[in-house]
Amino acid sequence: MKEGWKVGSGALLTELSTHYPDAPWCGHCRSLAPEYAKAASLLKNESSELKLAKVDGPAEMKLVEEFGVNGYPALKFFRDGDRSQPVEFTGPREAEGIVRWLKRRLGPAATQLETEAETTQLIDSQDIVIIGFFKDLQDEDTAGFLATAEDAVDLTFGFTDRPELFQKYGLSQDTVVLFKKFDEGRADYPVDEELGLDQADLSRFLIIHSMHLVTEFNSKTSSKIFRAKILNHLLLFINQTLTPHKELLADFQEAARPFRGEVLFVVVDVAGENDHVLQYFGMNATDAPALRFINIETTKKYLPTTGEITAASVTTFCQDILSGKVKPHLRSQEIPADWDQKPVKVLVGKNFEQVAFDESKNVFVKFYAPWCTHCKEMAQTWEDLAEKYKDHEDIIIAELDSTANELEAFTVRGFPTLKYFPAGPGRKVIEYKSARDLETFSKFLDNGGVLPEPEEPEIPVPVGAPS
């Protein structure tokens, strides 16, 4: 790092990125750039000792190697000119979030509390306040708490070792307490006396308990919903402009309490800008009020067997899913009457198993999304491939719209995804990951679902050389 980049006792956040005006491949760099510039302006206006800088990664490969940059954009925090131990940026990638993260690194991550009045004032100052009660402020648990506070820039932290404060809040051991002005009002995280404070576990606790029992889905809450790392989500779709729909919220909230940390309860307003959520679940606004359950890791979705929405019915629905009593709901279009009349066979959820796992056929399937640009680009090549092999009785070229059809066998996560189902028993599946051109596809099919090894070029022997 150049000497001129040192900022005395201040700090430096460096964005290692690409700066090719004609290189559009780094979308994340482009989306970060205006926020990064705005953050720099905010700090400049405050006459802050914090400074932001940029490095053109591809042009400064020595710096990239020195600081272990594996992808762009990479944000690293340098303090007091120390280049040996830069801190990885873990905050929000928008201007205000960048500034808050940096200030948290410079200033105290938490306020040390000495009196009951100070503690009460801090708790009253925000909707959510986290206070660490530690008998020894010099031990590792306190250090771990403060390190957690440095990363949780959207939350307010305090800490204390005062015995009278332990007594006031009914504590006998080291405990992190989350005070909040909603739901149950308080959540305690006792520190394990043998294992000590687990920072990752504490972070998850803070995320879970800083959320409302029922969270409304919108642009501001969506990132927090998925950052909570709760895999099971129960969504209630309602029209917030209709009183009968809003009256369902009380029962929904009541059902949420025993599932905190295991199932995230979310409300989706169909009268809001949530068409993309409705589309993902194959729903229309007129379907509300309705419940949908999804595991975001497997993407398996579940539908209730009754339209009744009460605390009891919602509780039973969740319990039955978690205990495995309910099977996932798989969307499927109806089988087209002419699904097998053209060279490219049309598969849907209802005929996929029968066709793809036919032991007498080798089936090559393109899983696509109608809006996918890459899918559109290879559409003609797929048609040409099907035309080429239409007279091969044991080879089927097919396609399936994965946005309208779901499969029990596996989940399709990207488009286009190409899978080959060879003839024979065992339900074998081979994912195709090579070039998407007619010649390579043909080699793959002609070689039984395996691309032949490239032939090594012959090296000519010079005339007169010994044989």
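For the residue classes used here, Ala, Val, Leu, Ile, Met, Phe, Trp, Tyr, Cys and Pro count as nonpolar, Asp, Glu, Lys and Arg as charged, and the others, Gly among them, as polar. The model is a predicted one, so to speak of a local feature takes a pLDDT of at least 70 and to count a side-chain atom pair takes pLDDT 80 or more, while totals for chains, interfaces and linings use all residues. Numbering starts from 1 along each chain as its sequence is written, and side-chain values rest on heavy atoms, with hydrogens and water left out.

Pockets come first. Rolling a probe the size of a water molecule over the atoms shows where empty space is left. Here the search runs on a 1 Å grid over the protein atoms alone: a cavity is a set of points where a 1.4 Å probe fits but cannot get out, a pocket is an open set with protein on both sides within 12 Å along at least five of seven lines, and lining residues have an atom within 4 Å of a point. Grid points are joined across faces, edges and corners, and a volume is the space filled by probe spheres set on the points. By that count the largest pocket holds about 1100 Å³ of space. Its lining takes in 37 residues, with D154, I207, S210, K224 and R227 nearest the centre. Two or more lining residues come from each of α5 (140-151), α7 (199-210), β10 (214-216), α8 (222-227) and α10 (249-256); these labels follow DSSP runs numbered from the N terminus, helices being H or I of at least four residues and strands E of at least two. Helix α7 gives the most, with seven residues. Sorted by class, the lining of the largest pocket has 14 nonpolar, 14 polar and nine charged residues.

The second largest pocket has a volume of about 680 Å³. It is lined by 26 residues, and Y280, K301, S402, E406 and V412 sit closest to its centre. That lining divides into eleven nonpolar, eight polar and seven charged residues.

The largest cavity has a volume of about 80 Å³, and its lining includes I208, M211, I230, L264 and F265. Eight of the lining residues are nonpolar, two polar and one charged. Strand β12 (residues 263-269) gives the most to this lining, with three residues. L264 lies in that strand and is buried (under 20% relative accessible area with a 1.4 Å probe and protein chains only; over 50% is exposed, and in between is partly exposed), at a relative accessible area of 6%. Beyond its neighbours within four places in sequence, L264 is in contact with M211, I225, I230, N232, H233 and L234, contact meaning heavy atoms within 4.5 Å. The C-alpha atoms of L264 and N232 are 6.2 Å apart, although 32 residues separate them along the chain.

Next, the strands. Two strands are taken to pair if DSSP finds at least two bridges between them. An open, mixed sheet of five strands runs in the order β15-β17-β16-β18-β19. Strands β15 (344-347) and β19 (430-432) stand at the edges with a single partner each, so one side of each is left without a neighbour in the sheet. From one strand to the next, the twist averages 30°. Within the sheet, β16 (residues 362-368) and β18 (residues 417-421) pair in the antiparallel sense over five bridges, and F367 has T417 of β18 as its bridge partner. Helix α13 (residues 349-356) lies across β15, β16, β17 (395-401) and β18, at about 125° to β15. Angles run from 0 to 180 degrees between N-to-C directions, with axes fitted to C-alpha atoms, for helices over the stretch in contact. Helix α15 (residues 438-446) also packs on the sheet, touching β16, β17, β18 and β19, and its direction makes about 165° with that of β19.

Elsewhere, β8 (residues 175-180) and β9 pair in the antiparallel sense over five bridges. They form a hairpin with five residues between them, and D183 in the turn has a positive phi of about 50°. D183 is partly exposed, with a relative accessible area of 25%. In the loop between β18 and β19, R427 also has a positive phi, near 50°. Most residues other than glycine have a negative phi, and most peptide bonds are trans. A cis bond joins A288 and P289, with omega about 5°, and another runs from F415 to P416, with omega near -15°.
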